[in-house]
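The sequence and the structure come first, and the text follows.

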Amino acid sequence: MRIITGLGGAVLVITTLSAAIRSFVLPRNEVVRLNVWVFMGFRVVFDFAAKLANSYERRDKIMAHYAPVALVALPVCWEALVSIGYAGMYWAVGEGSWLHCYQLSGSSLLTLGTIDDFSFIGGVLTYSEATLGLLLLTLLLSYLPTIYQAFSRREVTVALLELRAGTPPTAACLLGWLNHDGSVQNDDQQWAAWEQWFVEIEESHTSLPILSFFRSPQPGRSWVMAGGLILDTAALLFAAVDGPRPRQTELTFKAGCLALNRVYRFFDSKAGTEPANLQPDEHDEELRRADFDEACRLLAEKGLRLCEDRAAAWAQYRELRGRYATALEFLGRLTMAPARQTAV
């Protein structure tokens, strides 16, 4: 029994340490089941609290605490598991009763030094546990600046986008702004900046998935809504505006579709962190044709030359939007993003 308990404790410690390393050190997106369980537990609590709120502003305020609380709780859960694992190993090597082993484990992990009655093997375990305790806290503290730098870069683009797309933001308004000098063919610098933003979203929100749940400082903003707005603008440009497609815009559209779909697949098919009611419906309602026609009317008023075959333009717009619509809706529900009202 002592051998089995000791081996079980060692496996628990190794598994926890592996989760910490894969979370913050491994430079690639990998699902860490231990972290998923922690985040799911806190998500259930926050979802329940958010359902009691009677307005979006209050729900947003509640959910704004979800990601920071879950992130701070993560190393606490790691250390609790390490403490339990080492308690089992202390008991396996004969350090005394379970209560004494638990107290010895807690004293070593938190470097309190309140218990110093242990054997040579117990001393080796004590020093290793103290080292792991410091390591786990150091990992989180070291990566907090990285997380908040990525968050800050993301939100700068979201804020700048709101200035250009109006209030409420619309694809027609943003496309009209891009046409401020009478042409939508010379905005490569702006589209390149959005391409870079999408590439960073794909990298950061899959390697550090908790970033997806960090909410914008303003309740009406959302990185999901901003990404959808940029892609809607590109789709509207390709489908409704008469003229060649700017090459940089095509690259940005491709980068955006890849980014949103890869983040969507990470949460949907791999991590499984979404409640069942957040799954996208298979029979989503089609975009209202009236919204598309209204967007075209606004673009015509802004001086853009539109395609004459409006039915073909509408069909092309639906096809283009279908490349990212499922991911956009899923991520919007998952992060409780505000609904975007508009003419497309």
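Helices here are DSSP runs of H or I at least four residues long, numbered from the N terminus. With that naming, helix H2 covers residues 33-51, and because Arg-43 and Asp-47 are four residues apart in helix H2, about one helical turn separates them. The side chains of Arg-43 and Asp-47 meet in a salt bridge, 2.8 Å from N to O.

The model is predicted. The protein chain has an average pLDDT of 85, and 90% of the residues score at least 70. Over residues 270-285 the pLDDT is below 50, and this stretch has 32 contacts in the model beyond near neighbours in sequence.

**Salt bridges**

The whole structure holds 14 salt bridges. Three of them are listed here.

| Salt bridge | N to O distance |
|---|---|
| Arg-43 and Asp-47 | 2.8 Å |
| Arg-245 and Glu-250 | 3.9 Å |
| Glu-329 and Arg-333 | 2.4 Å |

Arg-245 is partly exposed at 36% relative accessibility, and Glu-250 is partly exposed at 35%.

Glu-329 and Arg-333 both belong to helix H13, residues 325-334; they are four residues apart there, so about one helical turn lies between them. Glu-329 has 24% relative accessibility and therefore counts as partly exposed. Arg-333 is partly exposed too, with a relative accessible area of 28%.

Gly-88 is found in helix H4. Its relative accessibility is 3%, so Gly-88 counts as buried. Which residues does Gly-88 touch, not counting those up to four places away in sequence? They are Thr-5, Gly-6 and Trp-98. Pro-244 is 156 residues from Gly-88 in sequence, and the two are 68 Å apart in space, C-alpha to C-alpha.

Helix H4 spans 66-92 and helix H5 spans 98-109, with Val-93 in the loop between them. Val-93 counts as partly exposed because its relative accessibility is 36%. Together with Phe-120, Ile-121 and Val-124, Val-93 forms a nonpolar patch on the surface. The accessible area of these residues together is about 410 Å².

Key
Residues are numbered from 1 along each chain as its sequence is written. This is a predicted model: local features need pLDDT of at least 70, side-chain atom pairs count only at pLDDT 80 or more; totals for chains, interfaces and linings use all residues. Side-chain values use heavy atoms; hydrogens and water are left out. Patches are made of residues with over 30% relative accessible area and no salt bridge: like charges are joined within 9 Å, nonpolar side chains (Val, Leu, Ile, Met, Phe, Trp, Tyr) within 5 Å. Accessible areas come from the Shrake-Rupley method with a 1.4 Å probe; for residues, only the protein chains shown count as cover. A salt bridge is a side-chain nitrogen of Lys or Arg within 4 Å of a carboxyl oxygen of Asp or Glu. Helices (H or I, at least four residues) and strands (E, at least two) are DSSP runs, numbered from the N terminus. Buried means under 20% relative accessible area, exposed over 50%, partly exposed in between (1.4 Å probe, protein chains only). Contact means heavy atoms within 4.5 Å. pLDDT is the predictor's confidence in each residue, from 0 to 100.
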